Amino acid sequence: MNHGFLGYRTSFMLDFVVVALVLIVPALVYSLAAVKRQQYRLHRKLQLLLGVTLLIAVGLFEIDLQWIQGGWMNVVAKREVALTEDQLAFVRRVLRIHLVFAVSTPLLWATTIGLALRHFPSPPQPAPHSSLHKTLGWLSTLDLVLTSVTGLVFYYFAFVAK
Ligand code: HEM
């Protein structure tokens, strides 16, 4: 256990994921702005890059949290100031909500990317697949943002807040 680079008693990898979740938002905004400018090739490249980055970040995160730290309760147990029963109940509730988004996001992303690669021409252009893709694309974006926000809320109340 070290003091991660955010300065709290968590771990380097947990902090890395927190920073990745924050950085992903501007990348996503940039990728959607590329669609507006009709730079579909750039949009495809950025979305594939984001997909791979997310997969690696989440993979490292799970390895660190489950295998190295032995689960989030172990991280919480190392807090300088212990959580009260009420705080622990709140943190569990936030975690349950977070997991709904965290589990559905990779499934939705994989579906959106898989269908887009199969149904858009190359180089990518608007096509009959556009309307389904826009729906899936916005749902994927919303799911990812809710995963990030609820994950950060959990991180803050479980590991940081006094
Ligand atoms: C999970 C990954 C992806 C997400 C979240 C995503 C998201 C989006 C969103 C939200 C839009 C609509 C923007 C608007 O309302 O104007 C869009 C448009 C588009 N995307 Fe993606 N996208 C993803 C992957 C891809 C990939 C891999 C390709 C290419 C193979 C692609 C090609 C396009 C094209 C061509 C459009 C324009 C459709 C049109 O306006 O007719 N996207 N994307």
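Residues are numbered from 1 along each chain as its sequence is written. The model is predicted: local features need pLDDT of at least 70, side-chain atom pairs count only at pLDDT 80 or more, and totals for chains, interfaces and linings use all residues.

**Whole protein.** Colour by pLDDT, the predictor's confidence in each residue, from 0 to 100. The average is 89, and 92% of the residues score at least 70.

**Ligand.** Select the ligand and its shell of 23 residues, of which Q47, A116, P126, S130 and G137 come nearest; a residue is near if its C-beta atom, placed from the backbone, lies within 6 Å of the molecule. The helices (DSSP runs of H or I, at least four residues, numbered from the N terminus) α1 (12-36), α2 (40-68), α4 (85-119) and α5 (130-160) each supply at least two residues of this shell. Helix α5 gives the most, with seven.

**Helix α5.** Select α5 next: its 31 residues reach 43 Å from first C-alpha to last, close to the 45 Å expected at 1.5 Å a residue, the expected span being 1.5 Å times one less than the number of residues. Residues buried here (20 or more other C-beta atoms, placed from the backbone, within 10 Å of their own) include G137, D143, G151 and Y155.

**Y155.** Finish at Y155, which is buried because 23 other C-beta atoms lie within 10 Å. Leaving aside neighbours within four places in sequence, Y155 is in contact (C-beta atoms, placed from the backbone, within 7 Å) with V18 and V160. The C-alpha atoms of Y155 and V18 are separated by 8.2 Å, although these residues are 137 apart along the chain.

Methods. A residue is buried if 20 or more other C-beta atoms lie within 10 Å of its own, exposed if 12 or fewer, and partly exposed in between; C-beta atoms are placed from the backbone. Two residues are in contact if their C-beta atoms, placed from the backbone, lie within 7 Å.
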